[in-house]
Amino acid sequence: MSLLDRYHLLVHDVAAALGYDYSDATPDWVHPFIHLILVLAPALLISVGSYLAIRGILKLWKYRSTPAIHPEPIRGLEGSLFSTVLRYSRRQQALMIVVSLIAMPILYLTLELPKQIVNNALDSGRFPVAVLGRDVDQVVFLMLLCGLYLLAIILNGLNKYSLNVFKGYVAERFLRRFRLLVYRQWRSDPDSGNQSEIVPILAQEVEPIGGFAAGVLTLPILQGGTLLTILFFMFVQDPVLGAAALTVLPIQLVLLPKLQRRVNALSRTRIKEVRQLGRQLSDQLRERQVNPAGLLPVSASFRELEHVRRKIFRLKFFIKALNNFLTALTPFLFYSLGGYFVIEGRITLGALVAVLAAHKDFSAPLKELFRYYQTLEDTRIRYHEITAFFAGSGHSSEVAQADDSTLEKVSQFEQSPLRKTTLPFEGHGDLASQ
């Protein structure tokens, strides 16, 4: 038996294991779809997943084995962003994780009930049916399922609303503490008068870190759980269509992180350029006079900022366009292969409609996870740049002690019961997008 024959035998065995009778009588155009969905794409996904897992383990081992030169460059902050977030919001993170997990069974109901409405409530040949020991006709059964669907939608909306509001509270609370720690470190530095870069740090660089702190654990759990729930629903309807939903995922895992690393490098350059601009403007303000020669370096900084931001925009929109294109390829498989399955009687029309509706929701958490990865890398860069800014600075003990006592009072106040809480959401528009 040749290698090609063994490969075809493998495809037949995999298809048979998934309950699909794949034979020579199947139309020729179905064969490449089956090979791609059941063998090629899963093999590539396993290879890419194994590579990423091994690389992540090696990076974690290298990080833990390397001694930290500046374990706490800012008093009160850890060397790692995750450690800092968990240090100040451990209980809030646990509560948000519980609320996120509650959303999973509610989500499954919103996917299952439309299929039941199409396949059962609209089938006039099986009524009356028994519901809780009582016979109901077709209209009553339809209204009952629609009422359950409406209830699931309401519960899902309330869950997301409460989670987003609480995330806003956690984000603003962490942001206030983070700004306080950075400001205290700046005051304790004897050379703080020359550190004009503190203005963009406190005003703009710490802002995304506070927003990210609220979803550092909740977002991947919520969106990852949503992704797995939808994928499980697809596999329940038909294993082949469920596997088709993962066809383009290996390509996304290979291309998008590489492009994102280029965006990260440009983001790091932009941060340094903004600080350089702030230093130049501060020097001109201290001169207390108009210096015509100072226009040239400032103009050059403006030009460089424009150049870097244009590159960032081009890369970000290219990543978005590529991701949208790859995501749009999967419905093509559903309409073609899924339509053939409906014609052959393998699945019902309601199941195909439910799979198509589920895939519409399937792409949203996938995009959110990729966006989370982008935000994670960008926030880590900002956090590293902020801590590196203070890594070599000195400390003034008197000011530090005074600020330590002030921060202790603030911490005691935050631990006390809150009588009135306001939730400013400016700068965190992404929190309500879940």
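Q: Let's start with Arg371. Is that residue buried, exposed or partly exposed?
A: Arg371 is partly exposed, because its relative accessible area is 44%, and buried would mean under 20%. Keep in mind that this is a predicted model.

Q: What does Arg371 form a salt bridge with?
A: Its partner is Glu368, and the closest N and O atoms are 3.2 Å apart.

Q: OK, how many salt bridges does the structure hold?
A: Five. Among them is one between the side chains of Glu112 and Lys115, at 3.3 Å, N to O.

Q: Which helix are Glu112 and Lys115 in?
A: Helix 3, which covers residues 81–121. Glu112 and Lys115 are three residues apart there, about one turn of the helix.

Q: What about accessibility for that pair, buried or exposed?
A: Glu112 is buried, with a relative accessible area of 15%, and Lys115 is buried as well, at 14%.

Q: Which residue does Asp238 meet in a salt bridge?
A: Asp238 meets Arg346, side chain to side chain, at 2.7 Å, N to O. That pair links distant parts of the chain, 108 residues apart. Asp238 sits in the loop between helix 7 (218–237) and helix 8 (239–244), while Arg346 is in the loop between helix 10 and helix 11 (349–389).

Q: Zooming out, what's in the chain in terms of helices and strands?
A: There are 12 helices and two strands. Along the sequence the pattern reads α-α-α-β-β-α-α-α-α-α-α-α-α-α.

Q: How much of the chain is buried?
A: Of the 434 residues, 43% are buried.

Q: Changing topic: which residues make the nonpolar surface patch?
A: Leu144, Leu148, Leu150, Leu151, Ile154, Leu155 and Leu158 make that patch, and its area is about 620 Å².

Q: Where does Leu151 lie, and how accessible is that residue?
A: Leu151 lies in helix 4, residues 138–188. With 46% relative accessibility, Leu151 counts as partly exposed.

Q: How do helix 4 and helix 6 pack?
A: The angle between helix 4 and helix 6 (residues 207–214) is about 135°, and their axes are 7 Å apart. Helix 4 and helix 6 are therefore oblique to each other, since over 145 would be needed for roughly antiparallel.

Q: Which hand does the crossing have?
A: Right-handed, where helix 4 passes helix 6.

Q: What about Gln280, where is that residue found?
A: Gln280 is in helix 9, residues 249–287. Its relative accessible area is 14%, so Gln280 is buried.

Q: How far is Gln280 from Pro297?
A: In space, 7.9 Å from C-alpha to C-alpha; in sequence, 17 residues.

Q: Last one: how far apart are Leu329 and Thr247?
A: They are 82 residues apart in sequence, with 9.0 Å between their C-alpha atoms. Leu329 itself is in helix 10 (residues 295–344) and is partly exposed, with a relative accessible area of 34%.

Notes
Residues numbered from 1 in each chain as written. Predicted model: local features only at pLDDT ≥ 70, side-chain atom pairs only at ≥ 80, totals over all residues. Heavy atoms only, no water. Patch = residues over 30% accessible without salt bridge, like charges linked within 9 Å, V, L, I, M, F, W, Y side chains within 5 Å. Areas by Shrake-Rupley, 256 points an atom, 1.4 Å probe, with all protein chains shown as cover. Salt bridge = Lys/Arg side-chain N within 4 Å of Asp/Glu carboxyl O. Helix = DSSP H or I, 4+ residues; strand = E, 2+ residues; numbered from the N terminus. Buried < 20%, exposed > 50% of the residue type's maximum accessible area, 1.4 Å probe, protein only. Axes fitted to C-alpha atoms, helices over the stretch in contact; angles between N-to-C directions. Parallel < 35°, antiparallel > 145°, perpendicular 65-115°, else oblique. Left-handed = near helix turned anticlockwise from the far one by under 90°.
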